[in-house]
Amino acid sequence: MTGKLIIFSAPSGAGKTTIVKHLLTKHSDKIAFSISASTREPRGTEVDGKDYYFISKEEFLHKIAKQEFIEFEEVYSGTFYGTLRAEVERIWALGKSVIFDIDVVGGLRLKSKFPDEALAIFVNPPSLEVLKQRLSGRGTDSEEKLQERFAKAEHELSFADKFDVILNNFDLDTACNEAEKLVLDFLEN
């Protein structure tokens with residue numbers, strides 16, 4: 001059985017997580033969140049099995065070998081993220097569409113594997129400067145990690161036109177409303 005996939009991608013700090021949480025709050029009858037697997041450590045109040053499946057690098061590599069991922073990537077050096085096939089199948093079995101909060105390369109990879117079943121939305125931040133302020137303001141990363149995130153964000157912005165839709169997040173309420181319209185239109189067709 002194949003359902004629909006709604007992919008939200010953006011550089012870290014663009015607001016995709018906030019938009020996805022808004023959609024999940026309002027439309028939990030239609031969509032469910034795909035929990036990604038990651039080898040990174042939990043940040044702040046993140047919970048295993050809710051925010052991510054936090055697994056060791058060895059376990060992650062074992063799952064790659066067993067082809068348990070629909071897509072995966074080494075997002076930062078030594079840090080892997082991926083979408084487990086079983087997670088997507090679990091949500092489809094509930095009769096819901098899968099919503100993703102995923103990095104840009106992973107989002108494009110999912111779209112290429114499910115070209116007709118997926119809506120890929122790129123969340124565009126107001127500017128690179130605003131993005132840098134948001135990431136610095138989190139207080140969760142070292143200066144070295146922040147520089148790595150900034151460089152990655154600049155690179156990721158160049159992929160925006162490869163997505164089905166570019167959603168400008170210059171104002172969060174407006175972006176949430178536009179995202180809601182895009183998603184509901186896609187689910188009804």
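The charged end of lysine 4 sits over the ring of phenylalanine 186, 4.7 Å from the ring centre; a charge counts as over a ring if NZ of Lys or CZ of Arg is within 6 Å of the ring centre and within 35 degrees of the ring normal. Before going on, note that this is a predicted model, in which local features need pLDDT of at least 70 and side-chain atom pairs count only at pLDDT 80 or more, while totals for chains, interfaces and linings use all residues. Residues are numbered from 1 along each chain as its sequence is written, and side-chain values use heavy atoms, with hydrogens and water left out.

Let's stay with the rings. There are eight aromatic pairs in the structure, where rings of Phe, Tyr and Trp (its six-membered ring) pair if their centres lie within 6.5 Å, and planes under 30 degrees apart count as stacked, over 60 as edge-to-face and the rest as tilted. Tyrosine 52 and phenylalanine 54 make a tilted pair, 5.6 Å centre to centre with 50 degrees between the planes. Tyrosine 52 is buried at a relative accessible area of 18%, and phenylalanine 54 is buried at 16%; buried means under 20% relative accessible area, exposed over 50% and partly exposed in between (1.4 Å probe, protein chains only).

Tryptophan 92 and phenylalanine 114 form an edge-to-face pair, with 6.0 Å between centres and 80 degrees between planes. Tryptophan 92 belongs to helix α3 (residues 85-93) and phenylalanine 114 to the loop between α4 (104-113) and β8 (118-124), so this pair ties together parts 22 residues apart in sequence. Helices (H or I, at least four residues) and strands (E, at least two) are DSSP runs, numbered from the N terminus. Both tryptophan 92 and phenylalanine 114 are buried. Elsewhere, ring pairs join Phe60, Phe69, Phe72 and Phe80 into a cluster.

Phe80 also leads us to serine 38, whose side chain reaches the backbone oxygen of phenylalanine 80 at 3.4 Å. Serine 38 is part of strand β3 (residues 36-38) and is buried, with a relative accessible area of 0%.

Now for the open space. The largest pocket holds about 1100 Å³. On a 1 Å grid over the protein atoms alone, a pocket is an open set of points where a 1.4 Å probe fits, with protein on both sides within 12 Å along at least five of seven lines, and lining residues have an atom within 4 Å of a point. Grid points are joined across faces, edges and corners, and the volume is the space filled by probe spheres set on the points. Of the 42 lining residues, Thr17, Arg43, Glu46, Tyr52 and Asp101 lie nearest the centre of the largest pocket. Helix α1 gives the most to this lining, with six residues. The lining divides into 14 nonpolar, twelve polar and 16 charged residues, where Ala, Val, Leu, Ile, Met, Phe, Trp, Tyr, Cys and Pro count as nonpolar, Asp, Glu, Lys and Arg as charged, and the others, Gly among them, as polar.

Two loop residues are worth a visit. Glutamine 67, in the loop between α2 and β5, is exposed at a relative accessible area of 63%, and its phi is near 55 degrees, a positive value in a residue other than glycine. Serine 56, in the loop between β4 (52-54) and α2 (57-65), is partly exposed at 33%.

Finally, leucine 167 sits in strand β9 (residues 165-168) and is buried, with a relative accessible area of 2%.

Terms used: Polar contact = N/O pair within 3.5 Å; in protein donor to acceptor, adjacent residues only side chain to side chain.
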